[in-house]
Amino acid sequence: EFTQRAYANGKLDLVQVEALADVLTADTQAQLAQALSQLDGKLSQRYDEWRQELIKGLAHAEAVIDFGDDEQLGMDDVFDEEEENAAQWNVWGDVQHRMRDLQQSMQDHLQDDRRGELLREGVKIAIVGPPNAGK
């Protein structure tokens, strides 16, 4: 109930609520350490930074779509294709570069071979062999 109230009042976000549940159900020190690191809000902060970067990129793209044609990019002064490409690049600025960096950051975060999930859920193993063999 207290967790639900904290979430409803914006004191905890969803990642922190899940981390609190993980703290309460942790079986090992490693699981507890992972849950506590998520509870401190660093993971939520990373997700929020990604969200803000996406919003900035989307806003810039919408502005270029809405106003890019109106400005004509100074095309009256452009004499060759290279200058036209440079003018187009100036309109987009570094949005493409920032979006590629964001994509790489997300891919790096996801390419951890599911270590966090394995740590959280645990690994199930089976010890097999003939009966009474000293397994």
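1. Start with leucine 118. In this predicted model, leucine 118 sits in helix H7, which covers residues 115-121. Is leucine 118 buried, exposed or partly exposed? It counts as partly exposed, because its relative accessibility is 42% and that class lies between the 20% and 50% cut-offs.

2. Now have a look at glutamine 34, in helix H3 (residues 29-39). Glutamine 34 is buried, because its relative accessible area of 17% falls under the 20% cut-off.

3. What does glutamine 34 touch, leaving aside residues up to four places away in sequence? The answer is Gly116, Leu119 and Arg120. As for aspartate 22, 12 residues away from glutamine 34 along the chain, the two C-alpha atoms are 8.6 Å apart.

4. Zooming out, the protein has seven helices and zero strands. Read from the N terminus, the order of elements is α-α-α-α-α-α-α.

5. Contacts across the sequence are worth a glance too. Take the contacts with a separation of 6 or more: 57% of them are between residues 24 or more positions apart.

6. Last, the surface as a whole. The protein has 135 residues, and 16% of them count as buried.

Technical notes
Residues are numbered from 1 along each chain as its sequence is written. This is a predicted model: local features need pLDDT of at least 70, side-chain atom pairs count only at pLDDT 80 or more; totals for chains, interfaces and linings use all residues. Side-chain values use heavy atoms; hydrogens and water are left out. Helices (H or I, at least four residues) and strands (E, at least two) are DSSP runs, numbered from the N terminus. Buried means under 20% relative accessible area, exposed over 50%, partly exposed in between (1.4 Å probe, protein chains only). Contact means heavy atoms within 4.5 Å.
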